[in-house]
Amino acid sequence: MNAILEKKGFICDMDGVIYHGSRILDGVKDFVNWMIERDKKFVFLTNSPERTPHELSMKLQRMGLSVSADHFYTSAMATAEFLSSQTPGCTAYVIGEAALSKALYDKGIYMNDVNPEYVVIGETRTYNFEKLEKAIELVNKGAKLIGANPDTVGVTEKGVMPATGSLIAPIEIATGKKAYFVGKPNPLMLRHGLRFLDCHSADIAFIGDRMDTDIIAGIESNVDTVLVLTGVTAREDIDNFPYRPKYVLDSVKDIVAAAK
């Protein structure tokens, strides 16, 4: 545990680590305050491309936690950064929420529904057959298919809902083309987070609640991994995977308790 306390910075997943839906988890406020008091660098990393950093900051504010927008990094931002590095000034046809379009626009990537270089998909509640048909047409014409994350489902207050992986599957099936997914477990997402913090991988711990996205991404990025049991993974689930987290904690409040 001392090795965790001595880290210069933390990359934290959000849902299952910081909150469930609209409820902040026990001990999170103390953990965030501890990071601020100890001058730790930290960023909240989320596979969801649906909200901007400012909107995520406001969401935590409503839960009683004050964290500025510059502490958030989303799969929408990672997707925009990836496309900008691959094809600067490219265009894209986007199926997703406004936050995804804004992240692309901020990197000089503009919307195009005629002959874009990319078709980009993220979670959205405005998915329909017309958009699906358009995406298939453009991919068949040569546009590259990009997913903000590979998640097939997301857990909301209404239950299990389809996520990006499910929305993109019909396009893959209809075109025979496979998408490239930017979000976790792609280590690219975590490496963007490291650069965001301006820290070396050895100085960072990555805290997540999922073995199949968070922990594998941390391992493949050569970052010490901390699995917390406040999300989807139970202690008995760990042995189902061929890899293990470096540390297993009941929740982030264990870190604060160890620091006292």
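The side chains of Asp224 and Lys7 form a salt bridge with an N to O distance of 2.9 Å, a salt bridge being a side-chain nitrogen of Lys or Arg within 4 Å of a carboxyl oxygen of Asp or Glu. Because Asp224 belongs to strand β14 (residues 224–228) and Lys7 to the loop between α1 (2–5) and β1 (9–13), this pair ties together parts that are 217 residues apart in sequence. Helices (H or I, at least four residues) and strands (E, at least two) are DSSP runs, numbered from the N terminus. The model is predicted: local features need pLDDT of at least 70 and side-chain atom pairs count only at pLDDT 80 or more, whereas totals for chains, interfaces and linings use all residues. Residues are numbered from 1 along each chain as its sequence is written, and side-chain values use heavy atoms, with hydrogens and water left out.

Asp224 is partly exposed, at 22% relative accessibility, whereas Lys7 is buried, with a relative accessible area of 8%. Here buried means under 20% relative accessible area, exposed over 50%, and partly exposed in between (1.4 Å probe, protein chains only).

A salt bridge also joins Lys8 and Asp203, whose closest N and O atoms are 3.8 Å apart. Lys8 lies in the loop between α1 and β1 and Asp203 in the loop between α8 (187–197) and β13 (204–208), so parts 195 residues apart in sequence are tied together by this pair. Lys8 is exposed, at 51% relative accessibility, and Asp203 is partly exposed, at 24%.

Arg244 and Asp239 form a salt bridge through their side chains (2.9 Å, N to O); Arg244 and Asp239 are both exposed. A network of salt bridges links Asp13, Lys184 and Asp214. The count of salt bridges in the model comes to 13.

Nonpolar cores were also identified, each being a set of buried Ala, Val, Leu, Ile, Met, Phe, Trp, Tyr and Cys residues joined through side-chain atoms within 4.5 Å. The largest nonpolar core has 32 residues, and Phe10, Phe31, Phe44, Leu60 and Ile207 are those with the most contacts inside it. Helix α2 (residues 28–37) supplies the largest share of this core, five residues. A second, separate core has 28 residues, including Ile11, Phe82, Ile109 and Val182.
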